[in-house]
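Subject: Structure handover

Hello,

Here is the structure I promised to pass on. Please open it alongside this note, which goes through what turned up.

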Amino acid sequence: MSTEFSDLRAVVTGGAGFVGSHLCEELLSRGASVVCIDNFSTGRRRNIGSLLADPSFELLELDISQPSNDPPGVDGRVDLVFNLASPASPKDYFALPLETLAVGSIGTTRVLELAYSKGAKFLHASTSEVYGDPKEHPQREGYWGNVNPVGPRSVYDEAKRFSEAVVSSYRRERGLDAKLVRIFNTYGPRMKPDDGRVVSTFIHQAIAGRPLTVFGEGSQTRSLCFVDDLVAGILAMMGSGEGGPVNLGNPDERTILEIAKFV
């Protein structure tokens, strides 16, 4: 696996985000060169600060969701495209609802065109949120979900559901080697302390010596995946012959109260 991506050129949209920055690092460590695309609406420059001096790393600051008939401008050869561009935490997509819908629709389509025009393999980072408020636990990939298309979370859920549809259409109609992964709850370094997700919230409350906020009896469950494991799964998927969708996460669920006691 250490040489699987050697000498390949990869584009990572959302590469300055929490997961995207870890993916960029791992690709570089495996011998790939990386073009990171980000508009920094939710990504942070410090996430990729250590990579900027690497000659195999290139940063393009642009918004892939701006309407255009052309794909995002990446000169030269492209072998792999990883599409991770999207607000992902509730705080971010509640603050950027129209932008979230645009990046899932216009942005995904433009990046698919980039992969298609370059003859590159494509991987799209979808989410467990496509299952909505599921009535099946755990959710298998064949489950169609229980979705509210007009609720406040729909800007994220429906953006990802549309993006899965357009990725699948490029695969069927244009023969693009396109893959879908559905990401579940992920944690690790570079999470924003105020993004509203349970692990970062509990840890920062604990460090500050404040009580941990547990709603209700804390019986809600989460399956938590460490970011390094998620990145390994993304790269394994890209290197496989599978198209997906494939769930990436931890099948072992814990209650919120258990997580709080552990922290």
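Start with helices α3 (residues 97–118) and α4 (154–174). Their axes come within 8 Å and cross at roughly 15 degrees. Angles under 35 degrees count as roughly parallel, so α3 and α4 are roughly parallel to each other. Their crossing is right-handed. On the α3 side, the residues that meet α4 are P97, T100, L101, G104, S105, T108, T109, L112, E113 and Y116. On the α4 side, they are V155, Y156, A159, F162, S163, V166, V167, Y170 and R174. By class, this contact has eleven nonpolar, six polar and two charged residues.

A word of caution before you read on: this is a predicted model.

The axes of α1 and α6 come within 10 Å and cross at roughly 65 degrees. This crossing is right-handed. From α1, the contact uses F18, V19, H22, L23, E26 and L27. From α6, it uses V227, D228, L230, V231, I234 and L235. The class count here is nine nonpolar, one polar and two charged residues.

The largest nonpolar core has 34 residues. L23, L27, F57, F82 and I234 have the most contacts inside it. Which of them gives the most? It is α6, with seven residues.

Take L23 as a way in. Beyond its neighbours within four places in sequence, L23 is in contact with V12, F82, L84, V231, I234 and L235. There is also a second, separate core of 22 residues. Among its members are V78, A85, V103 and L112.

Is S21 buried or exposed? Its relative accessibility is 0%, so S21 counts as buried. Not counting residues up to four places away in sequence, S21 touches G15, A16, N47, I48, L51 and R190.

Helix α5 (residues 198–207) has buried residues too: V198, V199, S200, F202 and Q205. What covers them includes β7 (186–187), β8 (221–222) and α7 (256–262). After α5 comes G209, with a positive phi near 75 degrees.

Most residues other than glycine have a negative phi, and most peptide bonds are trans. Here are the exceptions to look up:

- D7 is not a glycine, yet its phi is positive, about 70 degrees. D7 sits in the segment before β1. With 61% relative accessibility, D7 counts as exposed.
- F40 also has a positive phi, near 60 degrees, and is a residue other than glycine. F40 lies in the loop between β2 and β3 (57–61). F40 is buried, because its relative accessible area is 16% and the cut-off for buried is under 20%.
- The peptide bond from H137 to P138 is cis, with omega near -10 degrees. P138 is in the loop between β5 and α4.
- The peptide bond from G244 to P245 is cis as well, with omega near 10 degrees. P245 is in the loop between α6 and β10 (246–248).

Last, go back to the loop between β5 and α4, where N146 lies. N146 is partly exposed, with a relative accessible area of 30%. Leaving aside neighbours within four places in sequence, N146 is in contact with Y131, G132, D133, P134 and K135. N146 and E136 are ten residues apart along the chain, and their C-alpha atoms are separated by 9.2 Å.

Best wishes

How values were computed: Residues numbered from 1 in each chain as written. Predicted model: local features only at pLDDT ≥ 70, side-chain atom pairs only at ≥ 80, totals over all residues. Heavy atoms only, no water. Core = buried A, V, L, I, M, F, W, Y, C linked by side-chain atoms within 4.5 Å. Buried < 20%, exposed > 50% of the residue type's maximum accessible area, 1.4 Å probe, protein only. Helix = DSSP H or I, 4+ residues; strand = E, 2+ residues; numbered from the N terminus. Contact = heavy atoms within 4.5 Å. Axes fitted to C-alpha atoms, helices over the stretch in contact; angles between N-to-C directions. Parallel < 35°, antiparallel > 145°, perpendicular 65-115°, else oblique. Left-handed = near helix turned anticlockwise from the far one by under 90°. Nonpolar A, V, L, I, M, F, W, Y, C, P; charged D, E, K, R; others polar.
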